[in-house]
Amino acid sequence: MKRVLIDAGNTRVKWAVVNGNKVLSSGALPIEQVRELPKQLADIDSIRQIWVSNVAGEAVAQNIRNFSVSRSCQTHFIVAQKVQCGVSNSYVDAIQLGCDRWAALIAAWHLVSKECLVVNCGTATTVDTLNNQGVFTGGLILSGIELMQQSLANKAAQLKAESGQYVLFPLNTADAIFSGAIQANCGAIQRQYDLLEDGSAPIVLGGGASAILQPHLQNLPVRVADNLVLQGLLLIAQEASR
């Protein structure tokens, strides 16, 4: 069955066309260009289903619905469940867990099938924990690297949005801000990792900023996994079709 998987995040819309487990094509758009999605998928025929993780708001959702109507295919916007694809959700209100976090947790569980820390770093960085039974036991949300830098530039009159480099002991403001954002993200990851029962548990790292963070997590067992949300969407779609 040919499906379109869509991960509509805060900054980008990522998509993949799959037939079974095979990825036929994929791409990404800035979120403000979501109306261009039909053009990117114009050459794809016989689409049966569209599966969507959307945290970008109703306007983006409506654009996706319009596309699905034009292609006469079923569209499913996922929400977190109490139990799905072997993962259990301990959130106080299960559906309040972000659908992108839920899909990433499902993908990570099927990737490692053991206790792990699931880190998805984009506009926000999420640091979520799965135990050895596939139970999501809780997690953190903090500003991602770029958002931290932007927040300081927007709220502090003396701090400008300038490109910096990572330095252990920064001696200029741009480096201090960039290095601080990296240290804050890595510090949160390290502190959560120290809470795990298994000292050898993997960190499943994904998201657009993973390449920036990975070199600064060298002392931890990091496993980089691209497109966790899209992988999770495929697993959810496959379970629903059984």
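**View 1. Surroundings of W102 in the predicted model.** Leaving aside residues up to four places away in sequence, W102 touches V79, A80, Q81, K82, V83, Q84, V87, S88, N89, L97 and I236. The coordinates shown here, as in the views that follow, are those of a predicted model.

View 2. The largest nonpolar core holds 32 residues, of which W102, V118 and L130 touch the most other members. Two or more residues are given to this core by each of the elements β2 (12-19), α3, β8 (116-121) and α7, and the largest share, 10 residues, comes from α3. Another core, of 21 residues, lies apart from this one and includes C186, L196, A201 and L217.

**View 3. Packing of helix α3 against helix α7.** Helix α3 (residues 99-112) packs against helix α7 (residues 228-240) with the axes 7 Å apart and at an angle of about 80°; because angles of 65 to 115 degrees count as roughly perpendicular, the pair α3 and α7 is described in that way. On the α3 side the contact is made by D100, W102, A103, A104, I106, A107, A108 and H110, and on the α7 side by L228, V229, Q231, G232, L233, L235 and I236. Sorted by class, the residues in this contact of α3 with α7 are 11 nonpolar, three polar and one charged.

**View 4. The salt bridge between K114 and D198.** K114 and D198 form a salt bridge in which the closest N and O atoms are 3.6 Å apart. This pair links distant parts of the chain, 84 residues apart, since K114 lies in the loop between α3 and β8 whereas D198 lies in the loop between α5 (173-193) and β11 (203-206). K114 is partly exposed, with a relative accessible area of 27%, and D198 also counts as partly exposed, at 23% relative accessibility.

View 5. The structure has a count of six salt bridges, among them the one in which the side chains of E58 and R65 meet at 2.7 Å, N to O. E58 is partly exposed, with a relative accessible area of 48%, and R65 is likewise partly exposed, with a relative accessible area of 30%. In the salt bridge of K39 with E36, the closest N and O atoms are 3.4 Å apart. K39 counts as exposed, at 62% relative accessibility, whereas E36 is partly exposed, with a relative accessible area of 33%.

How values were computed: Residues are numbered from 1 along each chain as its sequence is written. This is a predicted model: local features need pLDDT of at least 70, side-chain atom pairs count only at pLDDT 80 or more; totals for chains, interfaces and linings use all residues. Side-chain values use heavy atoms; hydrogens and water are left out. Axes are lines fitted to C-alpha atoms, for helices over the stretch in contact, and angles run from 0 to 180 degrees between N-to-C directions. Helices (H or I, at least four residues) and strands (E, at least two) are DSSP runs, numbered from the N terminus. Angles under 35 degrees count as roughly parallel, over 145 as roughly antiparallel, 65 to 115 as roughly perpendicular and the rest as oblique. Contact means heavy atoms within 4.5 Å. Ala, Val, Leu, Ile, Met, Phe, Trp, Tyr, Cys and Pro count as nonpolar, Asp, Glu, Lys and Arg as charged, and the others, Gly among them, as polar. A nonpolar core is a set of buried Ala, Val, Leu, Ile, Met, Phe, Trp, Tyr and Cys residues joined through side-chain atoms within 4.5 Å. Buried means under 20% relative accessible area, exposed over 50%, partly exposed in between (1.4 Å probe, protein chains only). A salt bridge is a side-chain nitrogen of Lys or Arg within 4 Å of a carboxyl oxygen of Asp or Glu.
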